[in-house]
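Hello,

Here is the structure I promised to pass on to you. My notes follow below it.

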Amino acid sequence: MIYFVGAGAGAADLITVKGAELLKRAEMIIYAGSLVNYELIKIYADKNCEIYDSSKMTLEEITEKLIYGHEKNLLTVRLHSGDPSIYGAIREQINILNEKNIPFEIVPGVSSFCAAAASLKVEYMIPEVSQTLIISRIEGRTPSPENKLPSTVLFLSAGMIDKACENLIAKGYSPETPAALVYKASWPDEKIIRGNLTTLPELSKGINKTALILVGEFLSDEIKTKSKLYDKNFYHEYRK
């Protein structure tokens with residue numbers, strides 16, 4: 001089985017219990033060496049575990065190892081910094097695994113934006129001060145998409161989902177924009193409902209709390225774009 005695991009923000013004890021247990025049991029670990037604290041490997045990995053640093057690898061080399069791990073029935077951990085969903089470059093890896101019908105799971109991690117707030121002893125969302133947090137980056141060697149609306153996650157809005165979807169359409173999102181509601185994410189009674197901004201309110205009737213609304217093209221199954229990070233033609237300090 002293949003697990004994409006969030007290593008957390010940096011401190012070796014900020015990984016989740018599930019993530020740490022998987023590292024202990026792993027027979028192969030491919031870790032993002034440019035960002036992941038190697039103490040995680042030293043503390044949790046078994047001495048007989050196969051370990052590879054992906055900062056020196058291309059996408060093809062990484063997925064070759066993942067496929068090899070699956071074929072050999074190895075418990076394989078793909079260890080990403082922070083949380084894999086934020087600038088994790090996992091989509092192109094997932095697309096290849098899906099094409100080959102290779103099963104995988106994603107284990108979330110503590111993102112650096114959470115750790116930074118904890119270090120500063122602050123809260124991002126304060127009544128009458130701010131109710132929105134923007135996670136972004138400036139354009140560098142990887143260009144920012146033009147004329148694209150951002151991926152959006154709405155907290156505390158399931159009870160007003162009709163209004164939420166109407167507001168997003170009014171702000172320029174197409175009514176056909178993919179949308180999902182995740183009720184009690186990671187709980188035993190988790191429920192996932194998929195649709196678009198037009199259909200989601202009706203599909204999720206009866207769910208009024210403890211749910212997130214996710215909106216954006218990132219939910220589409222048709223996305224085939226790849227990040228530059230593991231592109232064999234993209235050179236950086238770890239891979240010349």
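Leaving aside neighbours within four places in sequence, which residues is Ser 220 in contact with? Ser 220 touches Arg 91 and Pro 178, where contact means heavy atoms within 4.5 Å. Ser 220 sits in the segment after S9, and with a relative accessible area of 17% this serine is buried. Here buried means under 20% relative accessible area, exposed over 50%, and partly exposed in between, using a 1.4 Å probe and protein chains only.

Before you go further, please note that this is a predicted model, in which local features need pLDDT of at least 70 and side-chain atom pairs count only at pLDDT 80 or more, while totals for chains, interfaces and linings use all residues. Residues are numbered from 1 along each chain as its sequence is written, and side-chain values use heavy atoms, with hydrogens and water left out.

Now the overall picture. The protein chain has seven helices and nine strands; these are DSSP runs numbered from the N terminus, with helices being H or I of at least four residues and strands E of at least two. For 240 residues, a compact globule would have a radius of gyration near 18 Å, and the 19 Å of the protein chain agrees with that. That radius is taken over C-alpha atoms, and the globule rule is 2.2 Å times the number of residues to the power 0.38. Along the principal axes, the C-alpha atoms fill a box of roughly 55 × 40 × 40 Å. Of the 240 residues, 39% count as buried. Among contacts with a separation of 6 or more, 65% come from residues 24 or more positions apart.

Strand S7 (residues 178-183) is worth a look. Five of its six residues are buried, so S7 is largely enclosed by the rest of the structure. S7 runs antiparallel to strand S8 (residues 191-196), joined by six bridges, and Tyr 183 stands opposite Lys 191 in S8. S7 also pairs in the antiparallel sense with strand S9 (residues 211-215), over five bridges; there, Ala 180 has Leu 214 as its bridge partner. Two strands count as paired if DSSP finds at least two bridges between them.

Next, the spaces. I used a 1 Å grid over the protein atoms alone: a cavity is a set of points where a 1.4 Å probe fits but cannot get out, a pocket is an open set with protein on both sides within 12 Å along at least five of seven lines, and lining residues have an atom within 4 Å of a point. Grid points are joined across faces, edges and corners, and a volume is the space filled by probe spheres set on the points.

- The count comes to one cavity of 30 Å³ or more, and the largest cavity has a volume of about 30 Å³. Its lining includes Gly 8, Ala 9, Leu 35 and Ser 81.
- The second largest pocket has a volume of about 200 Å³.

Finally, two backbone details. Tyr 87, in the loop between strand S4 (76-80) and helix H4 (91-99), has a positive phi near 50 degrees and is exposed, at 52% relative accessible area. Leu 156 lies in the loop between strand S6 (152-154) and helix H6 (161-170). Leu 156 also has a positive phi, about 50 degrees, although it is not a glycine, and this leucine is exposed at 79%.

Best wishes
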